[in-house]
Amino acid sequence: MPVKVRRIIKLEIDIPGLGERIKQAREASGRPVTQLAKEAGISRNYWYQLEAEAVLGGMAEETLRKIEEVLGVDLGVQFDD
C-alpha cells in the first residue's frame with residue numbers, strides 16, 4: 001500500500017462582528033451557554049471569548065461549523081475555495 005502525503009493549507013480570514021452574531025444567535029435560541037458549549041464541544045469560557053472576539057490565534061473552521069449546527073444558523077462565513 002503506498003504512503004499518502006497530505007498537504008494542510010492554513011487560510012485565515014477576518015470576520016468583523018462574528019462574535020456579536022454568535023451572541024445574538026445564542027440569545028435567540030434561549031438556551032444557556034453551558035448547554036450550547038457542551039453540544040459544540042468547547043468550554044463555556046471559550047464560547048464567551050468567541051462572543052467577545054477575544055480569541056488569540058483564531059477559531060478553527062470546524063468549531064465554527066459546530067457552533068452553527070448547535071445554534072441552527074448560518075453565520076455567513078465562507079472561504080473562497
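Predicted model: local features only at pLDDT ≥ 70, side-chain atom pairs only at ≥ 80, totals over all residues.
Helices here are DSSP runs of H or I with at least four residues, strands are runs of E with at least two, and both are numbered from the N terminus. Residues are numbered from 1 along each chain as its sequence is written, and side-chain values use heavy atoms, with hydrogens and water left out.

Let us stay with helix 4 for a moment. Its buried residues are Thr-63, Leu-64, Ile-67, Glu-68, Val-70 and Leu-71, where buried means under 20% relative accessible area, exposed means over 50%, and partly exposed lies in between, using a 1.4 Å probe and protein chains only. Because these residues cover an arc of only 165° around the axis, they sit on the same side of helix 4; the arc is that of the directions from the helix axis to the C-beta atoms. On the other side of the helix, Glu-62 and Glu-69 are exposed. The cover over the buried residues of helix 4 includes helix 1, helix 2 and helix 3.

Glu-68, in helix 4, counts as buried because its relative accessibility is 9%. Setting aside neighbours within four places in sequence, Glu-68 is in contact with Val-73, Asp-74, Leu-75 and Gly-76, a contact being heavy atoms within 4.5 Å.

Now step back to the whole chain. It has 4 helices and 0 strands, and reads α-α-α-α along the sequence. The largest nonpolar core holds 16 residues, among which Ile-42, Trp-47 and Ile-67 touch the most other members. Such a core is a set of buried Ala, Val, Leu, Ile, Met, Phe, Trp, Tyr and Cys residues joined through side-chain atoms within 4.5 Å. Helix 1 (18-29), helix 2 (33-40), helix 3 and helix 4 each supply at least two residues of this core.

Not counting residues up to four places away in sequence, Trp-47 touches Ile-22, Arg-26, Val-33, Leu-36, Ala-37, Ala-40, Ile-42, Ile-67 and Leu-71. Its side chain also makes a polar contact of 2.7 Å with that of Glu-51. A polar contact is a pair of N or O atoms within 3.5 Å; within protein, one must be able to donate a hydrogen and the other to accept it, and residues adjacent in sequence count only if both atoms are side-chain atoms. Glu-51 lies in helix 3 (residues 44-51) and counts as buried because its relative accessibility is 10%. Beyond its neighbours within four places in sequence, Glu-51 is in contact with Gly-19, Glu-20, Ile-22, Lys-23 and Arg-26.

Further along, Phe-79 is in the segment after helix 4. Leaving out neighbours within four places in sequence, its contacts are Leu-11, Ile-13, Glu-61 and Arg-65.

Finally, some overall values. Buried residues make up 26% of the 81 residues in the chain. Among contacts with a separation of 6 or more, 54% come from residues 24 or more positions apart. The C-alpha atoms fill a box of roughly 50 × 30 × 20 Å, taken along the principal axes.
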